[in-house]
Amino acid sequence: MQSFAYVNATSVDKVASLLGRTWDEAQVIAGGTDLVGELKEHLISPKRVVNLKTIPGLSYIRQDAVALRIGALTTIADIESNPIVQKQFAALSQAAMVIASPQIRNVGTIGGNICQRPRCWYYRSEDFPCLKKGGDRCYAVAGINRYHAIFGGGPSYIVHPSDSAPALMALNGRVKIMTSTGPKEVGMDDFFTLPETSVRRENILKPNEIITEIILPNPTPNAKSLYLKVRERQSIDFALVSVAAMLTVVNGVCQEARIVLGGVAPIPWRTPDAETFLRGKKISEAVANSAAEAALEGAKPMRDNAYKVTIAKALVRRAVMALG
Amino acid sequence: MQQKMKKVKVTIQERGEPKEIEIEVPDDGQVGWGDVTQMKHIGQHIPRLDGVAKVTGKAKYTYDINLPGLLYGKILRSAHPRARVVKIDASKAMARPGVKAVLLPDDVKGLFNKECRYAGQEVAAVAATSPDIAEDALALIDVQYEKLPFVVDVDDAMKPDAAQVYGDRKNVSDPRVREQGDVAAGFATADVVVEATYRCQVQTHVALETHGTVARWDGDKLTVWASTQGVFSVRDELAKYFNLPATQVRVITEYMGGGFGAKFGARPEGIIAALLAKKAGAPVKLMLSRKEEHLTTGNRPSSIQQVKIGAKKDGTLVAYQRSNYGTGGVAGGAGIPAGPYIYAVPNFRVEQRDVSTNAGAQAAQRAPGHPQASFGMESVMDELAEKLGIDPLELRKKNDPNKTRQKEYDIAAQKIGWERRNKTPGAGSGTKKRGMGIGSCTWGGGGSGTKAQVTINNDGSVEVKCGTQDIGTGTKTIIAIITAEEFGLSPQDIQVRIGDTDFPPSGGSGGSTTAASVSPAIKSTTMLAKQKLFEVVAPKLGAQPADLVARDGKVFVKSDPSKSVAWKQATAQLADGPITIQGEWVAGYSDTGVAGTQFVEVEVDTETGHVQMLKVVAVHDCGLVIDRLTAESQVNGGVLMGVGYALYEDRILDSPTGHMVNANLEDYKVVGAMEVPEIEAIFYDEPHRGVIGLGEPPVIPTAGAIANAIYNACGARVRELPITPDKVLTALAQTQRKEG
Ligand SMILES: Cc1cc2nc3c(=O)[nH]c(=O)nc-3n(C[C@H](O)[C@H](O)[C@H](O)COP(=O)(O)OP(=O)(O)OC[C@H]3O[C@@H](n4cnc5c(N)ncnc54)[C@H](O)[C@@H]3O)c2cc1C
Ligand code: SF4
């Protein structure tokens with residue numbers, strides 16, 4: 001990796017001033033499980049790396065009357081083992097449980113997990129100067145795209161790698177961002193960006209902004225959630241496809257549904273058609289099937305990844321049946 | 001019964017002088033290990049003696065060697081799959097503070113490549129005061145390449161208009177053919193014929209410790225620490241390259257982190273390390289990265305087998321035909337055993353072609369050729385059984401001429417509960433379905449050519465020196481066990497020193513030959529040493545040497561155990577000083593040829609294509625088991641590597657660019673803890689045959705057995721490895737289409 005200056009941040013207010021106007025100037029590090037890999041493979045070469053771990057008070061899980069608040073530096077392991085999360089925000093605890101490996105969960109943070117960069121193998125190897133790195137083409141188009149997007153692709157076809165992000169989106173989460181002019185809040189639905197708007201980035205964050213907190217509204221009485229993930233290798237692997245879902249079901253009838261697919265698109269992929277279809281329906285095998293069909297309507301598989309459609313349908317079906 | 005004996009010559013040390021003597025040893029066929037039921041250590045579960053050192057970090061691997069003034073070497077590698085280096089300018093790199101040596105193609109003969117034939121081939125090298133500076137320096141070397149046409153896909157490489165890997169010859173070798181009987185006539189008598197094509201991917205070795213060397217010159221003497229499977233092979237290659245007498249090169253490998261066949265000889269990186277050290281006038285450590293490991297240090301070649309098999313209604317095989325091609329990258333060697341694997345077929349014809357591609361050269365990998373052959377054969381046997389309506393186990397028993405395996409089938413079937421299996425593949429409701437499958441193997445093993453030296457000191461301490469190396473199989477431990485058994489001591493009492501060319505020579509650890517090479521040498525040498533000791537002790541016990549026994553820390557008279565002396569008292573009587581005996585491998589303690597079978601059970605999620613390994617029953621023979629625990633570990637390791645081969649591992653090259661897309665351990669997926677099934681290792685003990693070898697056999701049957709189990713579970717036949725969820729789903733969809 002290229003040499004860089006290492007700066008310890010000491011307060012949220014001062015972070016913006018340590019960061020830069022471009023990503024080449026400075027990047028933040030939390031647990032470093034993703035950033036260090038990027039540095040070593042020469043994917044990024046910032047002049048400065050700003051350490052967030054030295055900011056006190058950014059690791060917490062607190063619940064008040066309206067919401068659960070999770071500090072950006074909270075480790076995945078802490079989220080996984082938190083009893084409130086397990087009970088009331090099952091999708092998130094189940095997602096946390098299947099992220100990477102125990103070692104990575106012990107140091108990786110929730111802020112870093114939703115801001116982690118893509119795992120596209122062309123992106124991750126310095127041998128391929130692709131669009132996302134400022135190059136002139138997407139190698140996945142003519143290359144091997146079995147792990148790539150079936151929704152929302154073009155001109156880059158990454159899939160968003162985070163397991164926590166679909167869960168947070170299904171749980172109707174928001175992120176708190178520290179900007180150079182003060183804090184702001186954005187819904188998870190509006191945080192991620194498609195490659196057609198920003199091929200080199202995956203979210204709205206500017207180089208001098210950081211996430212400080214995740215906010216999850218307390219679930220309504222009949223809401224239940226879950227996270228299902230299919231991966232090639234159980235020990236450690238990113239999702240081929242995952243689904244995060246929150247359903248409110250009363251007397252067998254679905255009142256409200258939020259279903260988000262992971263591993264299929266450059267962002268966690270909401271399925272509005274399936275959600276609309278489910279509202280007011282009595283949950284049954286047939287309804288679950290139709291919801292799955294609706295969720296995958298419009299999928300555009302590439303040469304090697306049509307199998308993702310099959311898996312995604314199965315997961316949506318299973319999620320609806322499990323929560324119904 | 002009179003045992004047949006023969007005389008062999010061995011060298012012993014008498015008062016520091018080597019002396020050749022003749023001794024009598026049991027002859028071939030009649031193994032001299034004696035009655036195993038009386039043994040205290042041999043055949044028991046004994047934890048490896050250096051296990052604690054390894055897990056606590058005390059054991060020092062090549063990677064851990066640090067010397068004063070050590071420099072770090074790195075290799076510049078071709079950035080293109082096929083290119084000519086037209087200009088190379090290293091002036092900026094040389095000017096970089098901390099850079100101590102740079103080697104360019106013109107500096108050294110035959111090492112670097114101006115004609116690069118795969119991405120990752122060696123082009124230049126540097127040594128610097130830190131790994132980071134060395135890496136910086138590589139980036140500062142300015143190379144101009146003339147890019148040339150290339151091909152990395154095996155099927156593309158066979159097309160007539162394909163880019164030629166070697167300009168002067170075709171990519172596809174002429175077929176090597178082996179025939180027996182009359183295939184056409186054979187098929188004409190067949191009631192049932194199955195034809196199918198099976199494909200195996202390229203697998204890389206993924207030893208935990210990467211290849212690497214630390215090289216230090218002291219004047220004209222070269223000392224090298226190498227992560228190698230053969231210290232003497234490294235010594236000989238370096239001595240030859242530097243034109244030095246073998247006595248001037250010493251190679252040390254006290255611990256090494258796996259090789260699986262890819263770590264023989266000095267290899268380019270070893271020679272480069274020594275060259276850099278010479279040029280810089282300082283020791284150099286050169287360890288490869290995981291990426292380099294995937295690209296350049298070897299792999300198991302791919303194999304595409306077009307197979308046709310014919311049988312009579314009753315299952316008797318009558319004809320077999322196979323055309324196999326595969327790529328070992330820029331090297332040949334993609335062959336698989338020439339014939340119908342393990343089964344007897346009167347008429348067969350097999351054809352073999354190597355296909356060159358612009359990819360790193362293959363290297364022997366744990367049972368070269370066999371897992372491929374086994375996967376193809378066991379798959380087609382299963383398809384045949386289905387078509388014949390015969391139980392796959394019965395079909396195997398009918399056509400397998402190997403007597404050992406016949407017994408192993410019964411053991412495995414009973415252990416896994418073969419009768420529980422899905423009678424109709426894919427039957428049953430629900431989305432998770434279970435199935436069982438069979439795969440089998442054959443292997444040679446056996447050994448020779450090892451010398452050893454045993455010292456019994458006056459204080460009773462015992463040291464064994466042998467220039468073998470422990471590649472993770474537990475060689476050190478079995479040396480201690482055999483020595484302890486002979487002397488009536490415990491394995492912990494024995495100081496074993498291996499992995500050094502200053503010790504009596506032994507061969508490389510490959511072909512499952514280490515145990516069968518080393519064990520007889522240790523046995524014969526310790527027998528001689530014991531004999532010497534008995535000669536001294538016998539008069540004092542009023543007995544003949546032949547009447548004495550060493551057991552439980554004592555030397556005593558067999559017919560009257562009360563006449564005894566403690567081991568240490570016995571050794572204290574050595575008036576002439578320590579006994580030092582050099583001995584060597586002798587026939588009569590080892591054999592060759594093993595058989596094995598594995599029955600596996602899996603669960604397939606028919607909606608997601610996920611395959612969960614449940615259980616593997618692995619029944620293998622390896623003659624006399626020296627340490628049951630390390631033997632079981634070999635089986636566990638082999639099975640796991642086989643699971644990786646079957647379900648996950650795949651070296652994937654990108655056709656448009658010629659680069660590997662998964663040269664890491666994230667997308668090149670080896671098994672992790674959650675992929676480990678319950679493994680039951682069972683040994684079909686044949687102690688009368690002596691030591692044979694077990695390193696390779698357990699990796700062979702697994703993939704075929706898994707493919708068959710998947711079919712049995714869900715009714716989908718996947719004919720291509722690795723069997724990832726996408727392939728399972730595609731095969732299931734095809735099956736449903738056929739049914740629907
Ligand atoms: C081998 C491996 C397997 C993995 N498998 C999975 C998996 O299965 N599922 C999954 O979801 N993840 C997986 N990951 C990703 C892992 O979970 C993330 O690397 C981790 O959660 C990131 O947290 P971190 O604190 O280490 O982030 P860092 O590495 O410190 O940062 C990651 C990125 O986020 C930015 N960043 C960090 N914190 C903030 C913040 N507060 N505000 C703004 N930007 C920030 C950094 O600048 C950087 O770009 C895997 C990672 C590895 C290495
Ligand atoms: S999918 Fe995106 S990251 Fe991958 S090669 Fe294409 S542009 Fe690069």
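I count a contact when heavy atoms lie within 4.5 Å. This is a predicted model, so I ask for pLDDT of at least 70 for local features and 80 or more for side-chain atom pairs, while totals for chains, interfaces and linings use all residues. Residues run from 1 along each chain as its sequence is written, chains are lettered from A and ligands numbered from 1 in the order written, and side-chain values use heavy atoms, leaving out hydrogens and water.

**Entry: B:Phe242**

I started with B:Phe242, in the loop between α6 and β14 of chain B; helices (H or I, at least four residues) and strands (E, at least two) are DSSP runs, numbered from the N terminus. What does B:Phe242 touch, leaving aside its neighbours within four places in sequence? I get B:Trp217, B:Leu222, B:Ile271, B:Ala274, B:Leu275 and B:Lys278.

**Entry: aromatic pairs**

I searched the whole structure and found 13 aromatic pairs over all chains. Rings of Phe, Tyr and Trp (its six-membered ring) pair if their centres lie within 6.5 Å; planes under 30 degrees apart are stacked, over 60 edge-to-face, the rest tilted. B:Trp217 and B:Phe242 are edge-to-face, because their planes stand at 80° with the ring centres 5.1 Å apart. B:Trp217 sits in strand β12 (residues 212-218) and B:Phe242 in the loop between α6 (231-241) and β14 (249-252), so this pair ties together parts of chain B 25 residues apart in sequence.

Buried or exposed? B:Trp217 counts as buried at 15% relative accessibility, and B:Phe242 does too at 13%. My cut-offs are under 20% relative accessible area for buried, over 50% for exposed and partly exposed in between (1.4 Å probe, protein chains only).

I then looked at B:Phe487 and B:Trp567, which are stacked at 5.2 Å centre to centre with 25° between the planes. B:Phe487 is in helix α12 (residues 475-487) and B:Trp567 in helix α14 (residues 567-572), so the pair joins parts of chain B 80 residues apart in sequence. I have both B:Phe487 and B:Trp567 down as buried. Over in chain A, ring pairs link A:Tyr122, A:Phe128 and A:Tyr139 into a cluster.

**Entry: one helix face**

Which residues of helix α3 (131-140) of chain B are buried? I noted B:Ile133, B:Ala134, B:Ala137 and B:Leu138. Looking down the axis of α3(B), I see them fall within an arc of 145° (taken from the directions from the helix axis to the C-beta atoms), so they line one face of the helix. Their cover includes β3 (71-77), α2 (91-95), β5 (99-103) and β7 (122-128) of chain B.

I found a cis peptide bond from A:Gly154 to A:Pro155, with omega near 0°. A:Pro155 is in the loop between α9 and α10 (164-170) of chain A. Another cis bond joins B:Leu721 and B:Pro722, omega about -10°. I place B:Pro722 in the loop between α16 (702-714) and α17 (725-739) of chain B.

B:Val206 is not a glycine, yet its phi is positive at about 50°. This residue is in the loop between β11 (203-204) and β12 of chain B, and at 18% relative accessibility B:Val206 counts as buried. B:Asp552 also has a positive phi, near 50°, but at 46% relative accessibility B:Asp552 counts as partly exposed.
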